Amino acid sequence: MGVSGSSSTDQTEGVEVEAPVLGVDIGGSRVKAVVLAGGRILARHEEPRNKPITEVLSRLVESIEDEHHITALGVGIAGLVDHRVGRFVWGPHLSDEDIDVSGHLDSLIESHVVENDANCAAYAEWVTGPAAGHRVALTVSVGTGIGAGLVVDGAVWRGSGFAGEVGHIRMTDADLECPCGRSGCWETVVSGRQLGMEAARLGLQPTAEALVMAARTGFRPASDALRDAGDWLGAGITSLILVLDPGVVVVAGGVSAAGDLILDAARERIASGLPGAMHRPAVELAQSSHGRWAAAIGAAHLAARGRAPERFVET
């Protein structure tokens, strides 16, 4: 099986989004928002996530509505989201719990969608990214933590409701604490949080961005740290390929900005570690078109669609 690389620029051309819609990504450490209209991103906003979900949304809608007259709102939140009723249930990186987000939004805007952030990112990459045209497309979002979204025949696949919490698959016996309360989870060995810790260990500013910048200037320990993380990324993706058999895997989220510094090692791990590789169709491992903005852009597209695409497997 071959594993090929791909990257492309942020684009929204060809998307039938006419009236302005707002997409908001409430992640583990940052809040990002985009206004989308006419196939273009009209505005972007980013800030630290240090306020309750409802307070963040109220302020964003009120401030952006004055300028852009948004007609719909899509919200992606990191963690367990019951999209059918628009409720945020729980997330290891958020202090909020059991929040009726949809009920709160009813007083702010008539049309809204509430979804898991990784599902939003997957939808963005399927609409205007490397996943476009694929029947089964997997997006792995690597930011503060890790989440995955699967789009099948143009619909977000959620299992019984909460599929995609792959960052908490146990990957190592090492005593690496995870915000979920366990140890050895996938996101303890590759995530923005983990790369920030590596940067601090090397005497750099404690962010993934600092580690990537150091690697690009030729600092070998930083390059080695990114390759190690890429190897872990590839190990987890290999398992997901075995279970889901996607036609493409897109890596999104803030860590995707590292590009081949992390993805080359992931591709090597997949190519060497996938059983029956020579007998399988090649799976493209692609860099996100939208990077850390993928979830906000996907949330906007879902809002424009008017409802989240539905596909359930009831057990």
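The largest cavity in this predicted model is lined by G79, L80, V81, E115, N116, N119, G161, F162, A163 and E165. Two elements, β6 (80-82) and β9 (112-116), each give two or more residues to that lining.

**The cavity**
- When the whole structure is searched, one cavity of 30 Å³ or more is found, and the space in the largest cavity comes to about 40 Å³.
- Sorted by class, the residues that line the largest cavity are four nonpolar, four polar and two charged.

**Helix α3**
- Helix α3 covers residues 117-128, which makes 12 residues, and the distance from its first C-alpha to its last is 17 Å, close to the 16 Å expected at 1.5 Å a residue.
- Most of α3 is covered, since 10 of its 12 residues are buried; a residue counts as buried when its relative accessible area is under 20%.
- The buried residues of α3 are D117, A118, N119, C120, A121, A122, Y123, A124, E125 and T128, and one of them, N119, is also part of the lining of the largest cavity.
- At the start of α3, a side-chain oxygen of N116 comes to within 2.8 Å of the backbone nitrogen of A118, and N116 is itself among the residues that line the largest cavity.

**The largest pocket**
- The largest pocket has a volume of about 980 Å³, and its lining is made up of 49 residues, of which V142, G143, T144, G253 and G254 lie nearest its centre.
- The elements that give two or more residues to the lining of this pocket are β3 (30-37), α3, β10, β11, α4, α5 and α8 (294-305).
- By class, the lining of the largest pocket is divided into 16 nonpolar, 22 polar and 11 charged residues.

**The largest nonpolar core**
- The largest nonpolar core has 39 residues, and the members that touch the most others are V140, V142, W186, V190, L233, I237 and V249.
- Two or more residues of this core come from each of β10 (136-142), β11 (146-152), α4 (192-201), α5 (208-216), α6 (220-244), β13 (248-252) and α7 (260-273), and α6 gives the largest share, eight residues.
- V142 links two of these topics, as V142 is named among the core residues that touch the most other members and also among the residues that lie nearest the centre of the largest pocket.

Technical notes:
Residues are numbered from 1 along each chain as its sequence is written. This is a predicted model: local features need pLDDT of at least 70, side-chain atom pairs count only at pLDDT 80 or more; totals for chains, interfaces and linings use all residues. Side-chain values use heavy atoms; hydrogens and water are left out. On a 1 Å grid over the protein atoms alone, a cavity is a set of points where a 1.4 Å probe fits but cannot get out, and a pocket is an open set with protein on both sides within 12 Å along at least five of seven lines; lining residues have an atom within 4 Å of a point. Grid points are joined across faces, edges and corners, and a volume is the space filled by probe spheres set on the points. Helices (H or I, at least four residues) and strands (E, at least two) are DSSP runs, numbered from the N terminus. Ala, Val, Leu, Ile, Met, Phe, Trp, Tyr, Cys and Pro count as nonpolar, Asp, Glu, Lys and Arg as charged, and the others, Gly among them, as polar. The expected span of a helix is 1.5 Å times one less than its number of residues. Buried means under 20% relative accessible area, exposed over 50%, partly exposed in between (1.4 Å probe, protein chains only). A polar contact is a pair of N or O atoms within 3.5 Å; within protein, one must be able to donate a hydrogen and the other to accept it, and residues adjacent in sequence count only if both atoms are side-chain atoms. A nonpolar core is a set of buried Ala, Val, Leu, Ile, Met, Phe, Trp, Tyr and Cys residues joined through side-chain atoms within 4.5 Å.
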